[in-house]
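Dear colleague,

Please find the structure below, together with a written account of what was found in it. I would be grateful if you would read the two side by side.

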There are 2 protein chains.
Amino acid sequence: METLNEAIEKAEAEAYVIYASSQDPDMRYLTQFVTSDPLFYIQKRGKEGILIVPQMELERAQKEASCGVISRGDAQFFKFLEDEVSPRRAAARMVFEYAGGDLIVPRSFPLGIAEDIRLFCRVTVDTDTVEEMRAIKSPRELDAIRTAQERTNEVMAFAENIIRHASVQGEELWYQGTPLTSDYLRREMHCWLLRHGYMARDTIVSCGKETAQPHNIGSGTLLANEPILIDVFPQDERTGYYADMTRTFVKGEPSPEIQEIYDTVRDGQTLAEEMIRPGISGAEVHNAVLDHFTECGYVTEDEGFIHSLGHGVGLQIHENPSLSPRGDTPLEAGHVVTVEPGLYYRKIGGVRLENMGVITKDGFVCYTKYKRRLII
Amino acid sequence: METLNEAIEKAEAEAYVIYASSQDPDMRYLTQFVTSDPLFYIQKRGKEGILIVPQMELERAQKEASCGVISRGDAQFFKFLEDEVSPRRAAARMVFEYAGGDLIVPRSFPLGIAEDIRLFCRVTVDTDTVEEMRAIKSPRELDAIRTAQERTNEVMAFAENIIRHASVQGEELWYQGTPLTSDYLRREMHCWLLRHGYMARDTIVSCGKETAQPHNIGSGTLLANEPILIDVFPQDERTGYYADMTRTFVKGEPSPEIQEIYDTVRDGQTLAEEMIRPGISGAEVHNAVLDHFTECGYVTEDEGFIHSLGHGVGLQIHENPSLSPRGDTPLEAGHVVTVEPGLYYRKIGGVRLENMGVITKDGFVCYTKYKRRLII
C-alpha cells in the first residue's frame, strides 16, 4: 500500500481513515469485507490497515477481511463511551486515539464525523488516492473481472436466444403466447444473473426510437425490424467486481440506415481496440473514433456520437481511466476499460457496441467473447 | 416542509443542501427521484426545494421528481466553469450562488464538497432533521409500505410452500430431485421478488444451529425437524419503501425446547403489539417482552433475547424509532415499526417472529397478515 502511505506522509498525518460500508468501492478495495453497516478503516503510517468491527462481526471479519481486524471493544470504544458525552464523540475519540495523531480522509468522508474528530485533531481531505490505486488491477482483480464478463456473455446469449425464438405478430415480438416486453426480458436477465450469483440493476433493453437515447432503459413491447439495444452491467456478489457489455440486435429486417450505422460503429470499435496501448491517452482514442465517424459522414452536433468512448470498470461500474475528450492522461497496463462507440439519431434510432478488456504492454486484450451480428 | 425550514433558521443559514444519489433515504424522501448519480438538492429558506440535474435528465426529473427541478446550465454551472479553476470549484460556486448565503447540510454530506463550498460561505452540520421527518409517515408512504408488506407476505408463502412440498431424505430436505439448500431458496425468493418489482438482499434462510446467530444468512442443505428461520426485507423498486418480515418453521417434528421457545416468542410478540400506542416508549415495550421471557424462565445474558425488539421501517430498512432499551422517546402515531422478539440458544437454535405495522391513535395496526405456525 505504498501510495496510501505517501498520501499520509504528504499530508503530514499519522493515519488514513475511511468510514463507509462495502458499497463504497474504496472501502471494499482496502478490506475485501462485505458489510451493509458503515465501519471505520484506519491505516497508520507504515502499518497494515485495520477494520474496527462490532463484536458480533469479529469472527466473520477475521475470516473474510484482507486487512487487520479488531473489535470496537479492543479499540476502547466502550471505555470512551463512559468518558465522552455521546456515542458519536466516543467514536471520534476512538479513531483519534487509535490513529495517534492527525488524519487524512477521502473526499466522501461524512462531514458530521469529520467535525466530531476535529475536536481532537486535524483532518485533511485527500485527492482520490485510493481511486487512483484502484485503476490499476492486480492479477486477482483481473481474474474476478474476467469471470464477471464470462457470466455477462452468457446472460447476453440468454437474452439473444429469447429474442431469436420470439415470433413476429404484426410489428410486435411475441414469446410464450404474450407480447415480449422490455420489462420481461430485463427481469428474466436479472433472475438469470441472481441465480448465478450476480446483481444487476437498470439493464437497458430499449427498442426503436428509444434506442436514440443512450440511457433510456426501455419499456413496452419489443418490435420486429427495429434496433433492440441491450446494455447489461452485473456485479459479482462474491467479489464485488463488475462487467459491462452492450449489443444491438434486429429481429427481422433492419432499415438500410441502421445497417450502415451498425457497420460504422463496429468498425469504430475495432479501430479503437487496435489503437489502445500503454502511453496513448483516452482522448486520442476517443477522437480517432470520432474522426472515423465524421469521415463516414456521421457528423456529431447534438446527435451522433454523443457520449464517451469508454470508462474504467472495477468495484465501480464507472471509474478511472476515462476514454473521452477529457481523458488526457496516458493509459497504463493493468487498466480495465470499456470500448463502447455508439451513434444515435432521433428519427432512426441508435446502435451501441460495448466490449470490455484489459490493457497490457502489448495492447488491448478483450474479455468480451461475443460475436457482433446485427440480424438475429 | 416546516421542520427543514426550522433547521435552516436555527442555523442562521439561507438554505439546506444535500448531495447524494437516491440511495440516500433523505434524498429520496425529499425528491422522490431515482438517480444513481449524486445530485445537489437545495431548499432555500421558505421556498420549495429544487434538484439540480444534468440536461439529459431534465425531462425525466420534471416528470418524476416531487420537488422543483432545474438543469445545471440554468444553475449557471457552465458559466462558473469558465471562471473557476476546476469543475469541483465551479460546482461549489453554483451551490453557493443559488443558495445565496450560508448553508446547513446533513452529517453525511461529503467532507470534500463541504471544504470546496467553505471557500464561499459557512457550512453548518445538521442534527438529523430529515431523518426525524421521515419517521412519521404520510398516507402516501403508508400505502407504499403496506403494499410492500403484502408482496412480502406472498414471497413468504412462496418459500413456505417450497419447504412444505420438500421431501425428507434422512435428515435432509429434498426438492425437485436435489437437496433443498438455503442458497437455492434465497435465490428463488429473490427472483420471485424481482419479477414483482422488488429488490431483496441478504435474505436470511438459516437452519438448525445457524438460527442461534440472528444475522447468519444461512448456507447448506435445509434439515427436517430443525428450525428454519426466514427473514426477508424487500424494497419496492418503484417507491423505494421497504417491508420486513420473519417467520420460523419446522418441517417435521420440532424438539420440545423449540416448540416451547416458539410459543414464548409468539406470546411476547402478541404482548408487545397490544402494548404499542402513542406515548409509550420503545424501551417500555422492549422491557415488557424481556420481562415476559424472564418470567417464562428465559433469562438473557449472552444468550436468549439478544437484540432489539424492533425498529422503524421506511426508505431505510432500519430507521427511527427504536424499540430497544435505548428507545426512550415516546412512540407517535404515523411511526411504522417492526415487532420482532426472538430467543437464541447455541445448543438448541433460535426462533424469531417479525411483524410490521403502523402506530395509530388507537394502537398498533399490523400489516403482516400471515399466520404464525411452527410446524409445516
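**Domains of chain A**

In chain A, 6 residues of domain 1 are in contact with 6 residues of domain 2, two residues being in contact if their C-beta atoms, placed from the backbone, lie within 7 Å. On the domain 1 side, helix 2 (25-31) and helix 7 (129-135) of chain A each supply at least two of the residues that touch domain 2. That side of domain 1 comprises 2 nonpolar, no polar and 4 charged residues; Ala, Val, Leu, Ile, Met, Phe, Trp, Tyr, Cys and Pro count as nonpolar, Asp, Glu, Lys and Arg as charged, and the others, Gly among them, as polar. Domain 1 of chain A covers 2-134 and domain 2 covers 136-366, with bounds that come from an automatic or database domain assignment. Taken over C-alpha atoms, the centres of the two domains of chain A are 37 Å apart.

**Conventions**

The model is predicted: local features need pLDDT of at least 70 and side-chain atom pairs count only at pLDDT 80 or more, while totals for chains, interfaces and linings use all residues. Residues are numbered from 1 along each chain as its sequence is written, and chains are lettered from A and ligands numbered from 1 in the order in which they are written. Helices are DSSP runs (H or I, at least four residues), numbered from the N terminus.

**Contact between the chains**

Between the chains, 17 residues of chain B are in contact with 17 residues of chain A. Helix 6 (111-117) and helix 9 (182-195) of chain B each supply at least two residues of the chain B side, and helix 9 of chain B gives the largest share, 5 residues. By class, the side of chain B that touches chain A has 9 nonpolar, 4 polar and 4 charged residues.

**Helices 8 and 9 of chain A**

Which residues of helix 8 of chain A meet helix 9 of chain A? They are A:Val155, A:Phe158, A:Ala159 and A:Ile162, and their partners in helix 9 of chain A are A:Leu185, A:Glu188, A:Met189, A:Trp192 and A:Leu193.

**Helix 10 of chain A**

Helix 10 of chain A (residues 256-275) has 20 residues and spans 29 Å from its first C-alpha to its last, close to the 28 Å expected at 1.5 Å a residue; the expected span is 1.5 Å times one less than the number of residues.

Yours sincerely
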